[in-house]
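Trainee: I would like a close look at a single part of this model. Please take me through it step by step.

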Amino acid sequence: SQTGFPCIWSRPEVLPKSINFTVEICYRIPKVGPYGTGVSVESHDGKTCYARVHADTALNGALLVAGDNHQRVTNPEKWHFLVVSKEGGKWAVSHDNDIVSTFTRDDVACKIVLGNNAANLKPWDFSSLSLQHVKVQYTK
């Protein structure tokens with residue numbers, strides 16, 4: 001039996017501490033259900049989330065959290081672009097070409113998470129997630 005949601009995550013340090021990067025995730029959430037799903041860029045140990053889009057009915061749709069900023073994602077069923085950039089400890093998050101948040105955090109290694117890694121929940125009627133692409137560009 002299934003004890004958790006489907007979840008795919010990158011290697012823990014696919015986004016190394018010492019390298020600047022830009023991550024672009026093209027996604028849509030065709031159906032919002034009572035159990036959530038989303039996309040995120042978070043620290044390699046999962047303790048800090050730098051940017052996350054999460055959708056479930058408790059949120060009445062989809063919510064983007066970036067730094068200290070929270071904003072609703074309108075029309076989550078349409079294709080959207082989440083772009084997360086890190087240069088040293090300076091972060092920038094944009095959504096559909098609009099800057100959502102800029103902030104400073106420790107320069108740490110990060111991973112990409114697609115889905116929801118919650119355990120011991122009933123595996124029915126959760127939000128669906130479609131991906132067009134996930135692109136990582138490393139910069140100096």
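**A tryptophan and its surroundings**

Mentor: W91 counts as buried, at 2% relative accessibility. Keep in mind that the model is predicted. Leaving out residues up to four places away in sequence, W91 touches F21, V41, Y50, V84, S85, K86, S101, T102, F103, R105, D106 and C110.

A search of the whole structure finds 3 aromatic pairs. In one of them, the ring centres of F21 and W91 are 5.9 Å apart and the planes stand at 75°, so this pair is edge-to-face. F21 belongs to strand β2 and W91 to strand β8, so the pair ties together parts that are 70 residues apart in sequence. F21 counts as buried too, with 1% relative accessibility.

The rings of W91 and F103 are arranged as a stacked pair, because their planes are at 5°, with centres 6.2 Å apart. This pair links distant parts of the chain, from W91 in strand β8 to F103 in strand β9, 12 residues apart. F103 counts as buried at 10% relative accessibility. Through ring pairs, F21, Y50, W91 and F103 are linked into a cluster.

Now the wider setting. The largest nonpolar core has 26 residues, and W91 is one of those that touch the most other members, along with L15, Y27, V53 and L82. Elements that give two or more residues to this core include β2 (20–28), β8 (90–95) and β9 (98–104), the strands where F21 and W91 and F103 lie.

Note on methods. Residues are numbered from 1 along each chain as its sequence is written. This is a predicted model: local features need pLDDT of at least 70, side-chain atom pairs count only at pLDDT 80 or more; totals for chains, interfaces and linings use all residues. Side-chain values use heavy atoms; hydrogens and water are left out. A nonpolar core is a set of buried Ala, Val, Leu, Ile, Met, Phe, Trp, Tyr and Cys residues joined through side-chain atoms within 4.5 Å. Buried means under 20% relative accessible area, exposed over 50%, partly exposed in between (1.4 Å probe, protein chains only). Helices (H or I, at least four residues) and strands (E, at least two) are DSSP runs, numbered from the N terminus. Contact means heavy atoms within 4.5 Å. Rings of Phe, Tyr and Trp (its six-membered ring) pair if their centres lie within 6.5 Å; planes under 30 degrees apart count as stacked, over 60 as edge-to-face and the rest as tilted.
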